[in-house]
Amino acid sequence: MLEMDSDQEKDFGDRPSPFKDLLNKKTPQFNDDSQGEISGSILDLDFIYDDSDHFISELSEFYAYTEVSDFDLNKESFYEIVGADKKWSAMSVRERRSCVLVILDCLEVASEERRLAAIRALAYLCQGNFSEVESEEDVMTWTRKNCFLLYEMGIFLALFDTLKVRVDAYLPRQGDKTVAGPGGNYGNTYAAATVAGPNAQGTDKNGAPQRKPNSQQAATLGDCVELRTILSVLYTITEVLRTSDLDDTHEQTEMRAQFAEELGQPIVDGELPAVILFQLVLNVASDKTSPIPTKKTLLLLWKFILTSLGGLEHAQELKNKTRSALGLEPLPEDSIKVIRQMRASTPPLIASEMLDQQQNPGASLIGGGSNSGSPTPAGKKRANAVSNSVGKRSEARANASGDVSGPRDSMSLDEINEREGDGEGEELDDSLGVDDGGGAGDSPDDEEVLISLEPTPERAREPRALPWQPKIRTKDIQDFLDHSRIKYVGYKLKSDPEPDLTTLAGLPQPIKESISILRQHLYVPLSEVQLKQEDLLLKHPISLGREEEVEETPTELLYKAIHPNLPQYMIALLKILLAATPTSPQGKSDTVNLLSDLLPPQMPSGVVEAMKFTIDVSRHKEIIVKAVSALLLLLLKHFKLNHVCQFEHCAQHMVFANCIPLVLKFFNQSIGNYVQATHSIAPLQFPTCVVGEREEINEENVKPPEKGPTYYCWRNLFSCINLLRILNKLVKWKNSRIMMLVVFKSGPILKRALKVRQAMLQLYVLKLIKVQTKFLGRQWRKSNMKTMSVIYQKVRHRLHDDWAFGNEPDSRPWDFQLEEGLLRSRVEKFNTRRYESHSSNTANNGTTGSIESTYEPVDNNLHSLLNQDVQLPRVFTDNYEQWLEKEVFLRNINWDVLLEQ
């Protein structure tokens, strides 16, 4: 389990590191709006949610700013192998193939330096032979051409074999413990010098100090040179073959389809490529001194899963195809397309902002504008609780409106609530560091203003129809019919094995018309049909078990490969996510080495270098959050499409690993500042840093650019939406998990996220607020009526769902634990029936089947049994005489009585 409580501040991983002081000291104070208030108001963000960012952005995020010097080394290695007088762009196709074959031969040599040079040469080609082109567009064009050529020549499989060999030294041997939890430690299994490259100890080829094996120092760039370079080549080829382009030929389109199919099949020693990377992730989370490049491994794993399983469009097509095969109607609409057409709502105001708006009618509704007007007596009273200075009052108002990041991280939400005068005064939750139920928006004074007082042309053009088609479950219609039958007829029909939804005898005409309307909006999910089939298989294992045919889809193969170690994988991913979260305590972030592919061998010196390194660390953690959130969402989505029990198995282990409080902890910050973060340096971005003359880095170009009200960071907004979608999937129709949202006081945290003017993010926040409204009480609903109205406008309606009325919930509090126990029991039965019994039968009998050995036919013929050749165990044959003495000679058996019986 992940420990969510705050520990005492620890040293940098309890290991000596020259970067301890640099990482712990505050960011240099240059004018960065992301560290303070939001500049101006956030208007509607022109953000389009997709599987990933643009191709050039995805490649750029793979490289850290401290790796810029590696590009020149890759170029030198390439010309060292093929010859300094040759130019790749001037060669014919035949000559390029010959060069690739020469480089491929160098991968098989025994010399470590020669092998590393070959891998660097391949990396130079994947980076678009940048020294021979003059523009960034040419770099991207040559990158696509070279990656298709390298894949066609078999470089991908050859490099993956090399990766597998290098990885074996990091992972435990076959006889060792193969799985370790977050608290486990494999030890320094990478002690062999060949793993880290040609110079695993002493100094590298540039004379920089190297970390010795078995050292407790933090791993740096010099400790994983060969592994980083291999991952960069594999990632670039994967990203090129994953994305389509208008200029792709028919052969390239077929090649991309073949590549996606290969990634979903075992290609190395019968193992899936994703499983090997999962083992690397597990090692990163288990060993804080591991030099495995964390960010690169997570990005490559995410792209492997995305390529093999498919993205948003493929999932939509697959869901409709599966529904048609089961005789269900297709989906009424595409959720992503509907959300893209929605407009964002004006974020809610809290008490202090309403006072500021009354004093300054022209002030911004969001973020921290300047407070030029004179404060009211109530505002003075709240400000005097902190300080009598005008600057302190401005800081208090900015933090009360949700800006609690940057230099104001030390301000707790309790102080904000006290300054707003809400009267609750409850303490922060110790285990989370999150707000409690009496936060902003929980009193009548905190009534939100979600619509403008004056109509605008934009609002006049907004469609007045609801965006979603209403739905209703079979269970809701059944409950309505049972209640009506008891009321008007005096009895109810049996619902076993199938509920009777057609018999309407004795019911009045209005009830019949209501049933007719409900049937029009009936939606039968895939999970309901799959659970019914699973119940039948468990009830009739002999007659139906042999007839079950499980299609070997990429999702099925992946789940079959990772389900024995799925709890450890989920814990490892969530542990890395916790360490990369901006609100993570110092002690928690040191338990995992996230910076092994970022820390340079030598400490940066000077103000500019310190600023560059600080920005690079923040950017590095943001990319890790993006990769982990996208990876978890992909697994949940595709497991649910394949079989709901696979989804529940994965989701339940995420819940057990404290995923729900972890996501709430992530959102317990100023999401507006996080979405508008500017942790990037343009001259160091790939491919800008390799085209033309490299620009000198100084304080001017390190300082982040000014951002307007519509600026956003794509990866951060993408991560926020992914985490909200994950949270929605975990708590949907689960009262026990919804109660966790209530217990962890998620209402104020989620309401602050509504300040981001993005329709998709707001929709998933409103969904999370909707599911818990019936547990929050009448007073909460009374003081948050504007939020309730927006939920009614934006979120899909479930007919007969009394979420807005707050009637008694279906389950009582003491039934919640039983609900999780029954779900876990059903998932374990599914895994045992489909996978464990299958593997045991295959291992013991050499036959395939999904029925347990208990249900196999038994041979009762005495002659055939006596003729069987029985293999006795060695322990029995060695002690045969003792068995005869105890069981035969010393026992007095009356054979006459035995035969008569």
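How are α22 and α25 oriented to each other, roughly perpendicular or roughly parallel? The model is predicted. In it, the two helices pack at an angle of about 110 degrees. Angles of 65 to 115 degrees count as roughly perpendicular, so α22 and α25 are roughly perpendicular to each other.

**The chain as a whole**

The chain has 901 residues, and 53% of them are buried. Its secondary structure comes to 41 helices and 0 strands. Take the contacts with a separation of 6 or more: residues 24 or more positions apart account for 78% of these. The accessible surface is about 42,400 Å². Carbon and sulfur atoms hold 50% of that surface.

**Two helix pairs**

Helix α25 takes part in both pairs below.

| Pair | Residues of the partner of α25 | Axes | Angle |
|---|---|---|---|
| α22 and α25 | 554-562 | 10 Å apart | about 110 degrees |
| α25 and α26 | 644-656 | within 5 Å | roughly 145 degrees |

**α22 against α25**

From α22 come Thr555, Glu556, Leu558, Tyr559 and Ile562. They meet Leu635, His638, Phe639 and Asn642 in α25. By class, this contact has 5 nonpolar, 3 polar and 1 charged residues.

**α25 against α26**

Helix α25 covers residues 607-642, and its axis crosses that of α26. On the α25 side, the contact is made by Leu632, Leu636, Phe639, Lys640 and Asn642. On the α26 side are Val644, Gln646, Phe647, Cys650, Ala651 and Met654. The contact divides into 8 nonpolar, 2 polar and 1 charged residues.

How values were computed. Residues numbered from 1 in each chain as written. Predicted model: local features only at pLDDT ≥ 70, side-chain atom pairs only at ≥ 80, totals over all residues. Heavy atoms only, no water. Axes fitted to C-alpha atoms, helices over the stretch in contact; angles between N-to-C directions. Helix = DSSP H or I, 4+ residues; strand = E, 2+ residues; numbered from the N terminus. Contact = heavy atoms within 4.5 Å. Nonpolar A, V, L, I, M, F, W, Y, C, P; charged D, E, K, R; others polar. Parallel < 35°, antiparallel > 145°, perpendicular 65-115°, else oblique. Buried < 20%, exposed > 50% of the residue type's maximum accessible area, 1.4 Å probe, protein only. Areas by Shrake-Rupley, 256 points an atom, 1.4 Å probe, with all protein chains shown as cover.
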